[in-house]
Amino acid sequence: MPELRIGSRIVGLQTPPLVIAEIGINHEGSLQKALRMVDDAAAAGCECVKFQCHIIADEMVPNQVVPGNAKETIWEIMQRCALSEEEERRLKEHVESRGMIYLSTPFSRAAAIRLEKMGVVAYKIGSGECNNYPLVEHIASYRRPVILSTGMNDLTSVARAVEILRAAAVPFALMHCTSIYPTPYEKVRLGAIREISAAFPDAVVGLSDHSLGNYTCLAAVAVGASLLEKHFTSDKAWPGPDIALSIDPRQLQELIVGACAVHAALGGSKSVLPEEAPTVNFAYACVVSIRDIRAGERLSRENIWVKRPGTGPIKAADFSHLLGKVAQRNIPVNSQLSWADLA
């Protein structure tokens, strides 16, 4: 089973899922907001927070394109939300001082160069860049682990990016994603997690989720997700295009606890556990006499039945095997029968 090391954290099916709190641009360009979200994520028990690195001049040309979850152009949003290199370095230092993993998504070659100079332990590549093969190739050249989101891409498109990562001998994870904000539950398509795992057996697989709440993330663990990414904010009353689909600190804590619980519950087989023995003793039924039985009398439903506790030698499951047997001795009413009593 594939594994991925991000810093000191091993990610794979054998370890609890890594929950990534996607702060992204929810800080709206405010370093103080960003620092607060880092602290709130840490207090919730989160291991990893992620930002976005935008260097506008290298990322896009001036445009009038309005995202589906916004009322202003992407140019205006990014001009407002982009952080300086100094601010991003302060954020990284603060994240790591809290014992968490700092991740950031570069949206351009210049952004990747900045993050590499900052010494990030891994790269997150967004869905919009999944088929931006020149940028994928540039990021892969750093030989650091890559988490690649796959929204708006089919398996053929993803395969070309995977070929680049494999050629560079880069450890990688693939995140199933639906790029609808928010994503209706019926569009989440958790079946794609198993499809991606089958198509790319050397990939760690996760879910970058844009639906409301934690339901689909928890379900994703059950179908093989080892990473879970959710947009995160300290306060849902704050402005921002991604706030409406973000989880807050309480929900983040619930996601972390829930994902670990679901992961712990996976696997196993249908057998009786040794730890169930105390319950067996009171919950099972065993065969007992329901009236006095004389030696030589045949057993029938009129003189034996099944009752709790299950501490007797003949359990209810074997009741039918006793019918027609002959009592070898006098058996008082409410006695638990044993095979030695019968012929």
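Reader: Ser335 first, please: buried or exposed?

Author: Ser335 counts as buried, at 17% relative accessibility. Buried stands for under 20% relative accessible area, exposed for over 50%, and partly exposed for what lies in between, using a 1.4 Å probe and protein chains only. Please note that this is a predicted model, in which local features need pLDDT of at least 70 and side-chain atom pairs count only at pLDDT 80 or more, while totals for chains, interfaces and linings use all residues. Residues are numbered from 1 along each chain as its sequence is written, and side-chain values use heavy atoms, with hydrogens and water left out.

Reader: Where is Ser335 found, and what is it in contact with?

Author: Ser335 is found in the segment after helix H12 (319–322). Helices (H or I, at least four residues) and strands (E, at least two) are DSSP runs numbered from the N terminus. Leaving aside neighbours within four places in sequence, Ser335 is in contact (heavy atoms within 4.5 Å) with Val287, Val288 and Ser289. A polar atom of the Ser335 side chain also lies 2.8 Å from the backbone oxygen of Pro332.

Reader: Changing topic, what is the strand order of the open sheet?

Author: The open sheet has eight strands in the order S5-S4-S3-S10-S9-S8-S7-S6, with parallel pairing. Two strands pair if DSSP finds at least two bridges between them. The edge strands, S5 (101–106) and S6 (123–125), each pair on one side only. From one strand to the next, the twist averages 25°.

Reader: How many bridges join S4 and S5?

Author: Strand S4 (residues 48–53) pairs with S5 in the parallel sense over six bridges. Within S5, Ser104 stands opposite Phe51 and Thr105 stands opposite Gln52.

Reader: And which helix packs there?

Author: Helix H4 (residues 85–97) packs on the sheet, touching S4 and S5, and its direction makes about 150° with that of S5. Axes are lines fitted to C-alpha atoms, for helices over the stretch in contact, and angles run from 0 to 180 degrees between N-to-C directions. Elsewhere, helix H8 (residues 191–199) lies across strands S8 (172–177) and S9 (204–209), at about 150° to S9.

Reader: How many residues of S5 are buried?

Author: Six of its six residues are buried. In a regular strand, side chains alternate between the two faces of the sheet. For S5, Ile101, Leu103 and Thr105 are buried on one side, and Tyr102, Ser104 and Pro106 on the other.

Reader: Now electrostatics. How many salt bridges are there in the whole structure?

Author: The search finds 17 salt bridges, each being a side-chain nitrogen of Lys or Arg within 4 Å of a carboxyl oxygen of Asp or Glu. One of them joins Lys50 and Glu22 at 3.0 Å, N to O. That pair links distant parts of the chain, Lys50 in S4 and Glu22 in strand S3 (residues 18–24), 28 residues apart. Lys50 is buried at 1%, and Glu22 is buried at 6%.

Reader: What of Glu72?

Author: Glu72 forms a salt bridge with Arg80, the closest N and O atoms being 2.9 Å apart. Glu72 is partly exposed at 27%, as is Arg80 at 32%. Glu28, Glu72 and Arg80 are linked in a network of salt bridges.

Key:
Polar contact = N/O pair within 3.5 Å; in protein donor to acceptor, adjacent residues only side chain to side chain.
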